[in-house]
Amino acid sequence: MAEELYFIKTNPNIAKINLYNKLCREEENILNFLQPDAKVSLEIIKNKVKDSVEELSKEELSSIFTWFSNAYPTDSEEAKTQLFIHGLDLFYEIPKEENVQSFQEILSDYEKYSKQKLDFRVNSQNFNQFLIYGLFFTDIALKEKGSCAVLSHYLKTEHPALYALAEEQFHAKGSGQSNDLALQHYFGELYDLTKYYKGSIIQLYTP
């Protein structure tokens, strides 16, 4: 599988029933994707899911994701459907290593200068602020290249501090990216898909 960055919303109530039951029914299958001490790891995962899927670690979620992906190796859409049925909504993905690295570089800079760490599981409101920053940053980069920017003016009016931060960071280091248009597309779509969402958002990197 190519290097991709996946974005996931969770439904703990559905996972508590459907994912827990699947884990119990198909223990022998998932054990192949757990290490070390797979049986102990599985019991820990089952207990967490029964309480709340939100408690799963990055490694535990990656194991579950790999388990589902391997069950449908030639049908990624069916894998997504099954994840959704079991309480894990893989609602967006960024393909291509170059774009993933660029996205993560912008995220890293945002964390550094905003003094706010966005872990693999992040509050949607904090994630939304980062996406707006990313929209501003790529918009400024595109304007510098003479491209037509599509950033909504109301976002700049409503978030002057974020715009000032993006402007400051762009002038300090520039974009350094050749894929600003693709990045703005990702930031824009992610913003539209999450602006009214109130739960947590998981960022899962799959090498």
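**Notebook: aromatic pairs and a helix crossing**

I began with Trp-67, which counts as buried because its relative accessibility is 4%, buried meaning under 20% relative accessible area, exposed over 50% and partly exposed in between, with a 1.4 Å probe and protein chains only. I worked on a predicted model, in which local features need pLDDT of at least 70 and side-chain atom pairs count only at pLDDT 80 or more, while totals for chains, interfaces and linings use all residues. Residues are numbered from 1 along each chain as its sequence is written, and side-chain values use heavy atoms, with hydrogens and water left out.

**Aromatic pairs**

I then looked up Phe-68, which is buried because its relative accessible area is 2%. I applied the pairing rule: rings of Phe, Tyr and Trp (its six-membered ring) pair if their centres lie within 6.5 Å, and planes under 30 degrees apart count as stacked, over 60 as edge-to-face and the rest as tilted. The count by this rule is 15 aromatic pairs. Trp-67 and Phe-68 form an edge-to-face pair, at 5.2 Å centre to centre with 65° between the planes.

I noted that Tyr-92 and Tyr-186 also form an edge-to-face pair, with 6.4 Å centre to centre and 70° between the planes. This pair links distant parts of the chain, 94 residues apart: Tyr-92 lies in strand β2 (residues 88-94) and Tyr-186 in helix α10. Helices (H or I, at least four residues) and strands (E, at least two) are DSSP runs, numbered from the N terminus. Both Tyr-92 and Tyr-186 are buried. One aromatic cluster includes Tyr-92, Phe-103, Tyr-186 and Phe-187.

**Helices α6 and α10**

I next examined helix α6 (residues 97-114) and helix α10 (residues 180-194), whose axes come within 10 Å and cross at roughly 70°. The axes are lines fitted to C-alpha atoms, for helices over the stretch in contact, and angles run from 0 to 180 degrees between N-to-C directions. Helix α6 is therefore roughly perpendicular to α10, a term for angles of 65 to 115 degrees. I recorded the contact (heavy atoms within 4.5 Å) as made by Asn-99, Ser-102, Phe-103 and Ile-106 of α6 and by Ala-182, Leu-183, Tyr-186, Phe-187 and Leu-190 of α10.

**Asn-128**

Asn-128 counts as buried because its relative accessibility is 13%. Leaving aside residues up to four places away in sequence, Asn-128 touches Tyr-191 and Lys-195.

Key: Parallel < 35°, antiparallel > 145°, perpendicular 65-115°, else oblique.
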